[in-house]
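Good morning, and thank you for coming. Please look first at the sequence and the structure, and then I shall go through the architecture step by step.

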Amino acid sequence: MKKKTLVTMPGDGIGKIVLGEALRVLQAVGFRGEYLHADVGWEFWVNEGNPLPDRTVELLAEHKLALFGSITSKGKAQAAEELSPKLRDTGLSYFSPIVKMRQLFDLDICIRPCRSFSGNPLNFVRRDGQSFVEPKVDAVIFRQNTEGLYSGVEWTDPPQELRRALDLHPKMAKYAETSGEDLAVTRGAIGLAEAQMASYAAMPYEIDMDRLIAGGLVHDIGKILEMDRDADGSYSKSRSGRCARHPISGAILAAKAGMPDEIVNIIACHAEEGQGRPQVVETVLIHQADFAAFNPLAMMAENLLIK
Ligand SMILES: [Fe+2]
């Protein structure tokens, strides 16, 4: 039988011990193969900024057979702190090599054959007074790897109901694609439009709902230039924001990106910059919804909102 090549990835900590033991088991059951060591884990994150180096991925792709020990994983913030000084502040972001390997090689199913060997002191036993029985175990466990512990946030376009259900979890906040405020404004503007359409016998103007929704979702896009995130996670006005508020910078961004003029009008005129200026009707609705969402909060901050 042709010898197999097995890529071995001990990784960190106990991985170095369990991998050695796994190799002993393979030897004992008659596996004869070539072993090729591959780098993975914390040491390579710290020193190279990549816990799963490309050279390891290439070995895995070539040999398609590997043993993996264990790795140390830490949160992104701590991982960034532990990077070697030359790699800090270079935009590197820690990721789980386990999830990455699973994604790269479509390892959706984990198959674990479990078989007991008589006399193994670690076997499952049932005690019965002084004696015990040792039931034979011969089972195969299948685990769906795309769920639970080793899954990341990796959907493409989940059904809306599922996305909404996921969004209930506080940990999902960082994956929110649209801020709560933008959603509140957009939903408010939709409500205003629908109320008018349901109430007027004949609409005196036409409301373009696609334009209204698109404009609502991007009306504050200029805030990415207007605000700076401080070290403590709070926001403060950037220099660019002091030069031009977000309706102006946002309109420039949208125009540069080739968005329709009407969307540029919504962005440019949704706040006080738009007072008295020509506007499409969707701008009027976004403006009103924006102030309805913003004013109570601003009034609360100044103790002007009666409770
Ligand atoms: Fe705004």
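The domain assignment of this protein gives domain 1, residues 1-108, and domain 2, residues 181-301; such bounds come from an automatic or database domain assignment. Taken over C-alpha atoms, the centres of domain 1 and domain 2 are 48 Å apart.

Two remarks on conventions are needed. Residues are numbered from 1 along each chain as its sequence is written. The model is predicted: local features need pLDDT of at least 70, side-chain atom pairs count only at pLDDT 80 or more, and totals for chains, interfaces and linings use all residues.

Let us turn to the overall form. The secondary structure comprises 13 helices and nine strands, where helices (H or I, at least four residues) and strands (E, at least two) are DSSP runs numbered from the N terminus. The radius of gyration of the protein, taken over C-alpha atoms, is 29 Å, well over the 19 Å that the globule rule gives for 307 residues, so the protein is more spread out than a compact globule. That rule is 2.2 Å times the number of residues to the power 0.38. The C-alpha trace spans about 85 × 50 × 45 Å along its principal axes.

How much of the protein is buried? Buried residues make up 20% of the 307 residues. A residue is buried if 20 or more other C-beta atoms, placed from the backbone, lie within 10 Å of its own, exposed if 12 or fewer, and partly exposed in between.

I come now to the cores. A nonpolar core is a set of buried Ala, Val, Leu, Ile, Met, Phe, Trp, Tyr and Cys residues joined through C-beta atoms within 7 Å. The largest has 17 residues, and those touching the most other members include Ala189, Ala254 and Ile267. Helices H7, H8, H11, H12 and H13 each supply at least two residues of this core, and the largest share, six residues, comes from H12. A second, separate core has 14 residues, among them Val7, Ala38, Ile71 and Tyr94.

Finally, consider two backbone details. Lys64, in the loop between helix H3 and strand S3, has a positive phi of about 55° although it is not a glycine. Lys64 is exposed, with 11 other C-beta atoms within 10 Å. Asn303, in the segment after H13, also has a positive phi, near 60°. Asn303 counts as exposed, with 7 C-beta neighbours inside 10 Å.
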